[in-house]
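Me: I have a structure open and want to talk it through. Can we go piece by piece?

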Amino acid sequence: MEGKSPFFPSSLCTCFYISSRSNNWIPILTTNRGSGTLGLIQALRELKYPGAITIISKEPDLIIDRTKLSKALITDAAKIQWRPREWYAEAAIETITDEVTAVDFEQKSISTNSGQNIPYTKLVLASGGTPRRLPLQGFKGELKNVFTLRTIQDVRSILAAAGEE
């Protein structure tokens, strides 16, 4: 499979690309739905980039302030989003919940878990951070009371394990 690369298969990955649907703007692809992605898409809009932007992420929520997850175990993503849903609509930024599974560097396209094939011209890999698990017994998934904390779903899992009491 020359020219194809697995695309961070076990981590939370996000892509966004800028489409050349109009005005021959150069499509760009980047990974991660973190603050770096927000900074990039916000800068493009502030610099009056007119092309379409689509964010693809397997995370169902918009870009959140992950640091707040550990402060109060917040399960409502709307309370910790960097920008409200209306900001994305006003900036003509589409969001898609899907997982990028491969990048074909020769064909300049990405493949998604749902079977989509999306072309790009320029590629920015901004993979973000992934929590590391300690290489000790119990931290590799065997224990059901050891968690990482990166997503709203992680918060829900922690709260479910803690119970109501």
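Me: In the hairpin of E7 and E8, which residue takes a positive phi?
Reply: Gly 115 does, with a phi near 100°. That hairpin has 4 residues between the strands. Before going on, a note on the source: this is a predicted model, where local features need pLDDT of at least 70, side-chain atom pairs count only at pLDDT 80 or more, and totals for chains, interfaces and linings use all residues. Residues are numbered from 1 along each chain as its sequence is written, and side-chain values use heavy atoms, with hydrogens and water left out.

Me: What do labels such as E and H stand for?
Reply: They are DSSP runs, numbered from the N terminus: helices (H or I, at least four residues) and strands (E, at least two).

Me: OK. How many bridges join E7 to E8?
Reply: There are 3, and the two strands run antiparallel. E8 covers residues 117–119. Ser 109 stands opposite Pro 119 there. Two strands pair if DSSP finds at least two bridges between them.

Me: And how many join E6 to E7?
Reply: 4 bridges, again with antiparallel strands. Val 103 stands opposite Ile 110 in E7. E6 and E7 also form a hairpin, with 4 residues between them. In its turn, Lys 108 has a positive phi of about 55°.

Me: Which residues of H1 are buried?
Reply: Thr 37, Leu 38, Ile 41, Gln 42, Leu 44 and Arg 45. They cover an arc of only 160° around the axis, which puts them on the same side of H1. The arc is that of the directions from the helix axis to the C-beta atoms. Buried means under 20% relative accessible area, exposed over 50%, partly exposed in between (1.4 Å probe, protein chains only).

Me: What is exposed on the other side of H1?
Reply: Gly 36 and Glu 46.

Me: What comes after H1?
Reply: Lys 48 follows, in the loop between H1 and E4. Lys 48 has a positive phi of about 70° although it is not a glycine. Its relative accessibility is 67%, so Lys 48 counts as exposed.

Me: Where is Ala 92 found?
Reply: In the loop between H3 and strand E5. Ala 92 is not a glycine, yet its phi is positive, about 55°.

Me: Now the inside. How many residues make up the largest nonpolar core?
Reply: 12 residues in all, including Leu 38, Ile 53, Trp 87 and Ile 93. H1, strand E4 (52–57) and helix H3 (85–90) each give two or more residues to this core. H1 gives the most, with 3. A nonpolar core is a set of buried Ala, Val, Leu, Ile, Met, Phe, Trp, Tyr and Cys residues joined through side-chain atoms within 4.5 Å.

Me: Why would such side chains sit together?
Reply: In soluble globular proteins, nonpolar side chains tend to be buried together.

Me: Which residues of H4 are buried?
Reply: Ile 152, Asp 154, Val 155 and Ile 158. Seen down the axis of H4, they fall within an arc of 155°, so they line one face of the helix. Helix H2 (69–72) is among what covers them; contact here means heavy atoms within 4.5 Å. Just after H4, Gly 163 takes a positive phi of about 80°.

Me: Last topic: charges. How many salt bridges does a search of the whole structure find?
Reply: It finds 3. A salt bridge is a side-chain nitrogen of Lys or Arg within 4 Å of a carboxyl oxygen of Asp or Glu.

Me: Which one links distant parts of the chain?
Reply: The pair of Glu 99 and Lys 58, at 3.7 Å, N to O. They are 41 residues apart: Glu 99 is in the loop between E5 and strand E6 (100–104), and Lys 58 is in the loop between E4 and H2. Glu 99 counts as buried, at 18% relative accessibility. Lys 58 is partly exposed, at 30%.

Me: What is the N to O distance for Glu 59 and Arg 66?
Reply: 2.7 Å. Glu 59 and Arg 66 are both buried.

Me: And for Lys 68 and Asp 65?
Reply: 4.0 Å, N to O. Lys 68 is partly exposed, with a relative accessible area of 38%. Asp 65 is buried, with 10%.
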